[in-house]
Amino acid sequence: MNTFLSSLAVIISTLALICSGFAAYQVYTFQQTLSSKAVSNNTVAIPTTPTQAPSPVETPVSSPQTTTPSSNTTTQNIKPGEFVQPAFTNKGRVELLSVKRIKDPETGNRDVVNVQMRIRRVAAENIAQATDIISVDGTTARNPDTSETYKGVNVSRSTGAVSLFQLRPNSSADAYVWLRVPDGINNLDIFVPNTAAFKNVPITN
């Protein structure tokens with residue numbers, strides 16, 4: 001009987017030891033799990049701020065300065081309708097469009113004045129005659145201060161002749177002539193054949 005009890009006590013002690021070891025193992029495993037979660041929860045993710053590229057330095061752009069060219073030469077312009085004279089006793093009308101000093105292409109001298117004009121027929125069909133011709137190449141000029149006269153460069157430097165008879169009523173034709181005028185003269189009296197004189201006409205330089 002004593003032997004049985006002793007054996008039973010040994011068995012119970014062994015079972016208790018096994019249960020204690022198993023319980024200790026479970027406690028250890030549970031503690032490890034809690035430790036892992038705590039470490040995971042305590043970990044704070046630090047956001048990475050991307051490195052910003054340095055802003056480019058803006059160089060102020062200065063506005064271009066507007067330069068007004070200065071001129072010591074006063075340019076005189078002929079206004080439309082400023083110099084108009086009758087031709088062939090009001091059968092026609094001649095208007096100066098421009099009187100401009102230019103350079104002679106052959107010599108390079110500025111002793112040429114280009115006179116541009118507009119010749120208009122005013123007369124009706126039965127009034128103008130075949131002889132009503134304005135010889136533009138025969139145009140001359142005069143210095144209003146010295147009365148010195150100037151002629152055309154040559155026939156090829158002009159329109160030639162304009163016939164009022166061949167123009168229809170109230171129609172016009174443009175013409176020109178080059179006059180040999182020394183440099184330094186600023187005004188002219190201009191004489192177009194069969195046309196009233198143009199007095200003190202400014203020369204555009």
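Guide: Start with one term: contact means heavy atoms within 4.5 Å. This is a predicted model, in which local features need pLDDT of at least 70, side-chain atom pairs count only at pLDDT 80 or more, and totals for chains, interfaces and linings use all residues. Residues are numbered from 1 along each chain as its sequence is written, and side-chain values use heavy atoms, with hydrogens and water left out.

Visitor: Which residues does D132 touch, not counting residues up to four places away in sequence?

Guide: D132 touches F88, K91, I127, V162, S163, L164 and F165.

Visitor: Is D132 buried or exposed?

Guide: Buried means under 20% relative accessible area, exposed over 50%, partly exposed in between (1.4 Å probe, protein chains only). D132 has 4% relative accessibility, so it counts as buried. It is found in the loop between β3 and β4 (133-135). Helices (H or I, at least four residues) and strands (E, at least two) are DSSP runs, numbered from the N terminus.

Visitor: What joins the side chains of D132 and K91?

Guide: A polar contact of 3.2 Å. The term means a pair of N or O atoms within 3.5 Å; within protein, one must be able to donate a hydrogen and the other to accept it, and residues adjacent in sequence count only if both atoms are side-chain atoms.

Visitor: In what order do the four strands of the open sheet stand?

Guide: Strands of a sheet pair through backbone hydrogen bonds, either parallel or antiparallel. Two strands pair here if DSSP finds at least two bridges between them. The order is β1-β2-β3-β8, with antiparallel pairing. β1 (84-87) and β8 (172-180) each have a single partner strand, so one side of each lacks a neighbour in the sheet.

Visitor: How many bridges join β3 to β8?

Guide: Nine, with β3 spanning residues 112-121. V115 stands opposite V177 in β8, and V113 faces L179 there.

Visitor: Why is β3 largely enclosed by the rest of the structure?

Guide: Because seven of its 10 residues are buried.

Visitor: Which residues of the largest nonpolar core touch the most other members?

Guide: In soluble globular proteins, nonpolar side chains tend to be buried together. A nonpolar core is a set of buried Ala, Val, Leu, Ile, Met, Phe, Trp, Tyr and Cys residues joined through side-chain atoms within 4.5 Å. Of the 29 residues here, L96, V99, V115, M117, I119, L188 and I190 touch the most other members. β3 gives the most to this core, with four residues.
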